[in-house]
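Dear colleague,

I am handing over the structure that we spoke about, and I would be glad if you could look through it with these notes beside you.

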Amino acid sequence: MISAYNFIKKRIEEDKTTRLTNVLVQMFLIFALLMVIDGNVFAAGFNSLYSSDGIVVIAVGDNGNVFRSSNGGAGFASYPQGSLNLNSVYAINSSVWIAAGSGKILISSNSGMTYTTNVVTSETLRSIFFADANTGWVVGDNGTIMKTINGGMNWNSQNSNVTSHLFSVKFSDPLNGVACGSGGKVIYTTDGGASWLPHSTPTSENLTAVDIKGNKIIATGERGFIIKFNGASWSMIDYKIEVKSEVKGISMLDENTFYTCGGGGFIRKTVDGGASFTFQQNPMMGNLVDIHFYDAGKGWAVSSKNNAIIRTTDGGNLWSLPTGTAVNFSWTLKQSGSGNIGNGFCLHPFNKKTIFVAMGKKVYRSVDLGENWTQISTISAGQSAHTFFVSSVDSNYWLASMDASSGRVMRSTNYGVDWSVVWGPGALTSYGMPLIADQNVPNQVYLNPDNSVLLKSTNWGLNWTNVGTQVFRSPDNITIAWENPNIIYSGDGVTGSGVAELFKTTNGGINWTLVHTVTGSEIPFTVVTSLDPKLSYHTCWSSGGVWKSTDMWSTFSQVATTSSAWAADISKDDPTAIAYGVYGSNVYISTNSGQNFTSTPVGSSPEAGMLFYDRGNLFSQKGGGVYKLNIVYDVPTYNEDLSIEIPKQYRLYQNYPNPFNPSTSIKYEITSAVNVILKVFDIAGKEVASLVNENQKPGYYSVDFNAEGLSSGIYFYTLYAGDITLSNKMILLK
């Protein structure tokens, strides 16, 4: 719809007699842009999901979008509910409640297959929760709180004592509950809502979701943090996400174990109350807005951008899409440009959705996460910017290193209106990125000229001093570790030399150690992440491929053998997602820490720069300009009648894929309610995994098996259901 957007804009600009005010014009354009992008209507997506038994899963979203699964999320049926925006869902046994816009609550007594609607207020309702089948609460805009004691038939208002929008409500029992909302508001009750009292929280940012276990409370924030109440006081936990991605969903298993989701698709887990976190590899490349765990094994998460509900049956070790989901990648040119080399992308230090890019001599800015771009400056010397930076303390201060023919570092102190030369002319690489701004120390920058020692500036390039005695041939890039400005990496190489070298210093450039030598003559990109300071990748020109280190290049391994690898970036909200582009058309994407990559052609060459803003927003700076990745999840829906049909016989299917590495899916069918056990054995008959051990209803089931840590070989999986025993063979091939 960008073409439609431009058409509307042009018609309005051409109509000199229009009576629309500027405000109305902007509102109309924004509405048109939001309705359609690139000719495709946005997928409905979801806002909330819930399962009361681990089998029936219900997800709800805008425009009446309701999906229901009767097999734990392996597949879903669609149950549209008109055009209402459905914001929250909760269920107990066969009772289901949905909080919606226009003050409406939808109620089902048959596990979400049909609904009746109850209008209880004029305010938008955001979150709903039931302590038992009769007692529940709903919260919404302007401090709305209402309670029912008869299963949702009637609702009575409660005094929240706030006027803020309330986005989430949870209770640990019928008396003790908590709600959160805009402006950092958290309120609590110890008497079932007869009185609500304010908590004094450490933030004024919007709080999007809350959960409570015992006297412990976790609330998620819009700017990359959560807040925690330990029973006595509040503290803030910074998620250290460079782009301040929203943390949208929270699911607590106990006082110490909880999951959070958000950004472009990240999922974090903690088992120590938030003292430390692990990132969970998952296939979603779209914002995750809600996460729910039925027990320690079964969990689900949803995006508002698509209908692909991801699920896990092993506590998040393996997440999968619904059975049969197809994922399609394509790229859209967002801003044409030429003279692209190095990496021209730069984030705005204060405005989270604003991105800069330098292409040739021109600097462009987007304020809507790369959808639209405007040229805002022309650099006064040189032809091609190899790197571009904006000061972290004053966005008026810019730096750019220009191409070898110019060999200059250019500086602006007035947002690109005027430029001055602060270094050069001198010998700078014709293909790499010799300039870096230190993300740890404001206004500190480094420059690596050809055949020179490292140069350092502490006043944003105004003055330079020599550092150390190591002379570099033609530095491809220079990168600084997060949280430790003394650790710097420098890739050194000369085109055609056949040898590329990666150097490391631990004392700010005074001494250097050669840590990696590869065949390929250049190391174009070395990338690091704020989420794991020890993690790094580097690409290699020619035949070197892509390399990874998890200990700051003390050890390393090759994760890709692709020729002519060039630009790369780690997703800024999740270190398990990595992408790189070749000096050609293709970009390669991994969502499992580089174990596997998916190739997708951009349609332009060569690769110059890359920005993995978050898991749902990937940008490639190619020869033709800036491209943005589009991801479409084609999720099949089935007929609910078929999904609840009782199988005619017990069946255990062949796992898929087979052979597998390291994960596979096992499907089975049972004809009656029975205790089901599914185990995996090695070829000697030793049990290596117990996948299922629970009472299950008649139906169709699927469970995932992750064999990470097991050796290659033949394994057997056996299903025990009452008197029935079924077994199959599978092959793990690493």
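What follows goes from the whole chain to a few single residues.

Please keep in mind that this is a predicted model, in which local features need pLDDT of at least 70 and side-chain atom pairs count only at pLDDT 80 or more, while totals for chains, interfaces and linings use all residues. Residues are numbered from 1 along each chain as its sequence is written, and side-chain values use heavy atoms, with hydrogens and water left out.

The secondary structure of the chain comes to three helices and 65 strands, where helices (H or I, at least four residues) and strands (E, at least two) are DSSP runs numbered from the N terminus. The radius of gyration, taken over C-alpha atoms, is 28 Å, close to the 27 Å that the globule rule gives for 734 residues, so the chain is as compact as a globular protein of that length; the rule itself is 2.2 Å times the number of residues to the power 0.38. Along its principal axes, the C-alpha trace spans about 80 × 75 × 55 Å.

Of the 734 residues, 57% count as buried, a word that here means under 20% relative accessible area, with exposed meaning over 50% and partly exposed lying in between (1.4 Å probe, protein chains only). Among contacts (heavy atoms within 4.5 Å) between residues at least 6 apart in sequence, 47% join residues at least 24 apart.

Q621 counts as buried because its relative accessible area is 0%. Leaving aside residues up to four places away in sequence, Q621 touches a list of residues that includes N340, G342, N343, G344, F345, P606 and E607. For one of these, G344, the backbone nitrogen lies 3.0 Å from a polar atom of the side chain of Q621.

Two prolines deserve a careful look at the backbone. The peptide bond from G424 to P425 is cis, with omega near 5°, and P425 sits in the loop between β39 (420–423) and β40 (435–437). The bond from N658 to P659 is also cis, with omega near 0°, and P659 belongs to the loop between β59 (651–652) and β60 (663–670).

Positive phi values in residues other than glycine come next. N142, in the loop between β12 (136–140) and β13 (145–148), has phi near 55°, and N142 counts as partly exposed at 42% relative accessibility. S542, which is found in the loop between β49 (536–540) and β50 (545–549), has a positive phi of about 65° although it is not a glycine, and with a relative accessible area of 32% S542 is likewise partly exposed.

Lastly, is G722 buried or exposed? This glycine, in the loop between β64 (713–721) and β65 (724–732), is exposed, with a relative accessible area of 56%. Apart from residues up to four places away in sequence, G722 touches V674 and N675, and the C-alpha atoms of G722 and S672, which are 50 residues apart along the chain, are separated by 9.5 Å.

With kind regards

Terms used: Polar contact = N/O pair within 3.5 Å; in protein donor to acceptor, adjacent residues only side chain to side chain.
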